[in-house]
Amino acid sequence: KVFENEFSADAAVNGIYARQVGRISDNTYYYMLTGGMTMWGGWSSDELKYSGTNIFFPLVEANKLDPEYNTIYQAIWMPAYSDIYHINAAIEGFLNSKSIGNTLKKQLLGECYFLRAFYYFYLTQLFGDLPLIDHTNYNTNGSLSRTPAKLIMQFMDDDLKKDHENSSTEKI
């Protein structure tokens, strides 16, 4: 139903952006559009000095993004893949919609493809190889193995070069 009219379709993409801003208030310092990735990168290098003792300690003190640290999973991995799921849902909705004008569809698909590439860029910079998810089938998403970062970079490049003029016939 979301992709049956332009207003709700636009709101779906705005919701993806809003998920970013909303996280700034939950004290996890996550995230990509709020400067969180700048902090994570700065803490893992010699740019920033961390003076706390909370959930970021493993990254800051050991310079280690280790899956054994549940806080890293909760602060980066889990929210990023949740957002990628929403982005994939929007892409699927746009590709299957017959009632959204081509101009708006092209714009919103472009935003979604950019956002997906943006997320994967930062995730590969932090974690290297990781699951590449480009659909919303949760039955298969949870069991995907890691894809080499080089292939993810190619996927990102393809997303950024998509021809949105013919987007209504493109399939994921």
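What pattern does the protein follow when read along the sequence? In this predicted model, with residues numbered from 1 along each chain as its sequence is written, local features need pLDDT of at least 70 and side-chain atom pairs count only at pLDDT 80 or more, while totals for chains, interfaces and linings use all residues. Side-chain values use heavy atoms, with hydrogens and water left out. Read along the sequence, the pattern is α-α-α-α-α-α-α, and the secondary structure accordingly comprises 7 helices and 0 strands. Helices (H or I, at least four residues) and strands (E, at least two) are DSSP runs, numbered from the N terminus.

The protein has 172 residues, of which 41% count as buried. A residue is termed buried under 20% relative accessible area, exposed over 50%, and partly exposed in between (1.4 Å probe, protein chains only). The accessible surface comes to about 9,500 Å², and 54% of this area belongs to carbon and sulfur atoms. These areas come from the Shrake-Rupley method with a 1.4 Å probe; for residues, only the protein chains shown count as cover. Among contacts (heavy atoms within 4.5 Å) with a separation of 6 or more, 61% are made by residues 24 or more positions apart.

Helix α7 covers residues 149-161. The expected span of a helix is 1.5 Å times one less than its number of residues. For the 13 residues of α7 this gives 18 Å, and the end C-alpha atoms are 18 Å apart, which agrees. The buried residues of this helix are Ala-149, Ile-152, Phe-155, Met-156 and Asp-159. Viewed down the axis of α7, these buried residues fall within an arc of 110°, so they line one face of the helix. The arc is that of the directions from the helix axis to the C-beta atoms. On the face turned away from the buried side are the exposed residues Lys-150, Leu-151 and Lys-161.

The buried residues of α7 pack against α5, which covers residues 102-127. With 26 residues, α5 should span 38 Å at 1.5 Å a residue; its end C-alpha atoms lie 37 Å apart, which agrees. Helix α5 is followed by Gly-128, whose phi is positive, near 80°.

Aromatic side chains were examined next. A pair of aromatic rings is described by the distance of the centres and the angle of the planes. Rings of Phe, Tyr and Trp (its six-membered ring) pair if their centres lie within 6.5 Å; planes under 30 degrees apart count as stacked, over 60 as edge-to-face and the rest as tilted. A search of the whole structure finds 8 aromatic pairs. In one of these pairs, the rings of Phe-3 and Phe-94 have their centres 4.9 Å apart and their planes at 75°, so the arrangement is edge-to-face. Phe-3 lies in the segment before α1 (6-22) and Phe-94 in helix α4, so this pair ties together parts that are 91 residues apart in sequence.

Gly-93 counts as buried at 13% relative accessibility. Gly-93 and Glu-4 are 89 residues apart in sequence, yet their C-alpha atoms are 9.0 Å apart in space. Ile-91 is likewise found in helix α4 and, at 0% relative accessibility, counts as buried. Its C-alpha atom is separated by 9.3 Å from that of Asp-134, which is 43 residues away along the chain.

In helix α1 lies Arg-19, which counts as partly exposed at 25% relative accessibility. Not counting residues up to four places away in sequence, Arg-19 touches Ser-82, Asp-83 and His-86. The C-alpha atoms of Arg-19 and Asp-83 are separated by 7.8 Å, although the two residues are 64 residues apart along the chain. Thr-38 lies in helix α2 (residues 36-43) and, at 56% relative accessibility, counts as exposed.
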